[in-house]
Amino acid sequence: MKDQTTIKLKEIGLKVTPQRQAILKLLEGNQTHPSAERIYSEILRQFPGISFATVYNTLSKLVEAGEIQELDIDPNKKRFDPCIKSHYHFYCKVCGKVFDIVFDNPFPLEIKRIDGHRVDAIQLNLKGVCKECKRKR
Ligand SMILES: [Zn+2]
Ligand SMILES: [Zn+2]
């Protein structure tokens, strides 16, 4: 049976393995912006013995293929986002959570060119203390 994960992996040119399918499934619709370490610990539960390198390489390939995006918002580790549309993020310095942010009058995230430069990626990162952590203080 062919599901979405099989089709995606084939498109990217990756061998279809249950481990890779599990990584894609885990990321699908995931709004927690997990780190590679986080994804690894989840996958490890389903596939004891899988190496971190396997998970990390798969994530890199998915980023390269434009299936997911890599965020430079967390100072300690890369975070991954299955939503590939340009959007804003807010990083909480206390709990490390990354939130999607929507503005009414957004900065143009779709610009391809500015002052003669070619724009390949736009990341707008807001940092601070999230409302939950603020309440706890
Ligand atoms: Zn927080
Ligand atoms: Zn996001």
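**A walk through the model**

Analyst: Let's start with Lys 10, which has its place in helix 1. A word on conventions: this is a predicted model, where local features need pLDDT of at least 70 and side-chain atom pairs count only at pLDDT 80 or more, while totals for chains, interfaces and linings use all residues. Residues are numbered from 1 along each chain as its sequence is written, and chains are lettered from A and ligands numbered from 1 in the order in which they are written.

User: Okay, so is Lys 10 buried or exposed?
Analyst: Lys 10 counts as exposed, because it has 12 C-beta neighbours inside 10 Å. The cut-offs: a residue is buried if 20 or more other C-beta atoms lie within 10 Å of its own, exposed if 12 or fewer, and partly exposed in between, with C-beta atoms placed from the backbone.

User: And how far is Lys 10 from Arg 20 in space?
Analyst: They are 11 Å apart, C-alpha to C-alpha, and 10 residues apart in sequence.

User: Zooming out, how many helices and strands does the chain have?
Analyst: The protein chain has 5 helices and 7 strands. Those are DSSP runs numbered from the N terminus: helices are H or I with at least four residues, strands are E with at least two. Along the sequence the pattern reads α-α-α-α-β-β-β-β-β-β-β-α.

User: What about domains?
Analyst: The assignment gives domain 1 (4-71) and domain 2 (85-136). Such bounds come from an automatic or database domain assignment. The centres of domain 1 and domain 2, taken over C-alpha atoms, are 23 Å apart.

User: What share of the chain's residues is buried?
Analyst: Buried residues are 16% of the 137 residues. The C-alpha trace spans about 45 × 45 × 25 Å along its principal axes.

User: Back to the helices. At what angle do helix 1 and helix 2 pack?
Analyst: Helix 1 (residues 4-12) and helix 2 (residues 18-27) pack at about 110°, and their axes are 9 Å apart. Axes here are lines fitted to C-alpha atoms, for helices over the stretch in contact, and angles run from 0 to 180 degrees between N-to-C directions. Helix 1 and helix 2 are therefore roughly perpendicular. That label covers 65 to 115 degrees; under 35 degrees is roughly parallel, over 145 roughly antiparallel, and the rest oblique.

User: Which residues meet there?
Analyst: From helix 1, Thr 5, Thr 6, Lys 8 and Leu 9 meet Arg 20, Gln 21, Leu 24 and Lys 25 of helix 2. Contact means that the C-beta atoms of two residues, placed from the backbone, lie within 7 Å.

User: Which residues of helix 2 are buried?
Analyst: Arg 20, Ala 22, Ile 23, Leu 24 and Leu 27. The buried residues of helix 2 pack against helix 1, helix 3 (36-46), helix 4 (52-64) and strand 2 (79-81). Just after helix 2, Gly 29 has a positive phi of about 65°.

User: What's going on at Ser 35?
Analyst: Ser 35 sits in the loop between helix 2 and helix 3. With 19 other C-beta atoms within 10 Å, Ser 35 is partly exposed. Leaving out residues up to four places away in sequence, Ser 35 touches Asp 74, Lys 77, Lys 78 and Arg 79. Ser 35 and Lys 78 are 43 residues apart in sequence but 5.8 Å apart in space, C-alpha to C-alpha.

User: How does strand 3 pair with each of them?
Analyst: Strand 3 (residues 88-92) runs parallel to strand 7, joined by 4 bridges, and Cys 92 has Gly 128 in strand 7 as its bridge partner. Strand 3 and strand 4 run antiparallel, also with 4 bridges, and His 89 has Asp 100 in strand 4 as its bridge partner.

How values were computed: Pairing = 2+ DSSP bridges.
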